[in-house]
Amino acid sequence: MGLKVLQGVETLCVARCDPAKTGQHWSVFLAPQAIVPAAAALSAAQYSLEDILALDTTDGLLVVYHFNAWRFDERIALKVLLPREDPAIPSITSVFQGAQWHERETRDFHGIVFEGHPNLIPLLMPAEDVDVHPLLKADKARRAIRDIMDAGEIVSCTGEIAALFAPPADTSADAARTDGGSKA
Amino acid sequence: MKRQYAGTDPLAGDFYTRQFEKDRGEHTLVVNMGPQHPSTHGVLRIVIEIDGEYILRADPVLGYLHRMQEKMGEVQTWGQYIPNMGRVDYGHPLAWNWAYVGAVEKLMGIQVPERAEYIRVITCELNRLTSHLLWWGAYILDLGAFTPIMYSFDDREMLLDILQRPTASRLTYGYFRVGGVRKDLDDRCIEMIKAFIPRFRSRLPMYKDLVTDNIILRKRVEDIGIIDRDMCRRYGCSGPVLRGAGEPYDLRRCEPYSIYDRFDFEIPTEETACSAGRYLVRMAEMEQSLRIIEQAVEGLAHAEGGHIMPKAPKPSMKPPKGEAYFAVEGARGKVGVYAVSEGKKVPYRIKLRSPSYSNLHAFAEAAQGTLLADAVATLGSLDLIIPEIDR
């Protein structure tokens, strides 16, 4: 059974998580342009926004939205992977006004641009340090998504996202083959 | 990223004032409330546009107490980060302790001994009482009555004496450990708790007669600062703000953690969605906390296990890779910690979700069209702890 509340929204990957292990019930990967329809669907189903954060990974910047329902225990994590060069994503402030500060904070910490945000100015960081993003990691400390989280029990998934979680066997196999080839 | 910020006249106020003045109407005045205003309980600043005595727009300016707690999480080991949790929110630090160790325990798949769970419940609820008493005294002080804070600090002092015994501190507790708590409650501590419960129960009716039923207070707080259910959802408000709007959402019941399902207690709610509603919810919550403590002290006597699991993880523990979200009900609402591990001694990412942050955000909308004097009554009713907002 899939995630009913997000029916009609284009998802890249829907996976069931173990709440005892992760504290989340669903992990959903979305394309950037699907975030506003997804937020609208959750808002219509009376979900409330908990927080927005970003993770700096070698695959790009991963923006995570946590939504939670009041009447039943369910936490949904929406995840959007953005390229490091141009980390832009539509703002969900038109649906959840409370996202304004969370988005400004995420811009402060990771430099993500929320398009359509009414007032994307520094919130916690000083106004003069507008280009300083303290939570961006050094190249050496950065990890791939597969090294920091599990895919969960996948319900539906595109190849693109599945490749993020696949063990990096392909490259090592390739390397072994080329090694073998050079020896021969 | 370079962007153009408003700034017509470099001498007209600072960055945030100039930003705010862009949308300013005619014949109005822009004033700053804070960051050193006594009723903001710390260094919160609110830029307000007023027309006479009425607020047209309000915009909180944060960051004066920003310490980058989340970055600190990425440069210390998992165990070294626990003292930080005592400093995020000085009002109810044990809730933050709990949210953090709870997230790490989820990552590591640790089951906490029964006795440790009871101790966590008791100390966390005692800490909730100190937080509510601090809020109560300070709120009434904001509204112009000096005496009640003396009464509330009289009671709070006893609670601090109790909590001081196991935690060895009086304000910024770093008491919880992954797998349990730092120290067991001794017999003297249990005696003090048992003596405190009837005493405090006898004080609550006095508070009601003296303050809650006082017509002057009622006139100041009733129908002031409306934050209704829908606003709460849009802004992500939680805790007494949400319960004061009639939604019985309390994580101790709705997202049950630890052993809260063993206790018999109620979730007080008020339908009014105003400052008075939030006030009454907190006053009723104190009674419920007493009930929980009473039952937990009874249960502690025959709880199994020690105050910490045998062979508890060391501060240099390495939780396996993964993500974990753990939320507990703090005095101000949903306290959440999202921890991501790459399987090393140092966390990969720690995200702190603080309840006051969302609760304050709703203030900007709630203050529109109200009197300037009522803004103080509204702000105080949100029970803001600024270090928690700025982190």
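Domain bounds, as used in these legends, come from an automatic or database domain assignment. The structure is a predicted model, in which local features need pLDDT of at least 70 and side-chain atom pairs count only at pLDDT 80 or more, while totals for chains, interfaces and linings use all residues. Residues are numbered from 1 along each chain as its sequence is written, and chains are lettered from A and ligands numbered from 1 in the order in which they are written.

**View 1. The two domains of chain B.** Chain B is divided into domain 1 (15–61) and domain 2 (70–390). The C-alpha centres of these two domains of chain B lie 30 Å apart. Two residues are in contact if their C-beta atoms, placed from the backbone, lie within 7 Å. By this criterion, 15 residues of domain 1 of chain B are in contact with 18 residues of domain 2 of chain B. Strand S3 (residues 54–61) of chain B gives the most to the domain 1 side, with seven residues. Helices (H or I, at least four residues) and strands (E, at least two) are DSSP runs, numbered from the N terminus. The domain 1 side that touches domain 2 of chain B has eight nonpolar, four polar and three charged residues. Here Ala, Val, Leu, Ile, Met, Phe, Trp, Tyr, Cys and Pro count as nonpolar, Asp, Glu, Lys and Arg as charged, and the others, Gly among them, as polar.

**View 2. A sheet in chain B.** Strands S6-S7-S8 of chain B, in this order, form an open sheet of three strands with antiparallel pairing. Two strands pair if DSSP finds at least two bridges between them. Strand S6 (322–329) and strand S8 (349–353) of chain B are the edge strands, each pairing on one side only. Neighbouring strands of this sheet are turned by 10° against each other on average, direction ignored. Strand S7 (residues 334–341) of chain B is joined to S8(B) by five bridges; B:Ala339 has B:Ile350 in S8(B) as its bridge partner. Helix H4 (residues 93–108) of chain B packs on the sheet and touches S6 and S7 of chain B, its direction making about 150° with that of S6(B). Axes are lines fitted to C-alpha atoms, for helices over the stretch in contact, and angles run from 0 to 180 degrees between N-to-C directions.

**View 3. Helix H2 of chain A.** Chain A has six helices and eight strands. In helix H2 (residues 35–44) of chain A, the buried residues are A:Ile35, A:Ala38, A:Ala39 and A:Leu42. They lie on the same side of H2(A), because they cover an arc of only 100° around the axis, the arc being that of the directions from the helix axis to the C-beta atoms. A residue is buried if 20 or more other C-beta atoms, placed from the backbone, lie within 10 Å of its own. The cover over the buried residues of H2(A) includes strand S2 (26–30), S3, strand S4 (60–69), strand S5 (75–82) and strand S6 (88–90) of chain A. Just after H2(A), A:Gln46 takes a positive phi of about 65°.

**View 4. The contact between chains A and B.** In this view, 35 residues of chain A are in contact with 38 residues of chain B. Helix H1 (19–22), strand S3 (47–57) and helix H4 (145–148) of chain A each supply at least two residues of the chain A side. S3(A) provides the largest share of that side, six residues.

Notes:
A residue is buried if 20 or more other C-beta atoms lie within 10 Å of its own, exposed if 12 or fewer, and partly exposed in between; C-beta atoms are placed from the backbone.
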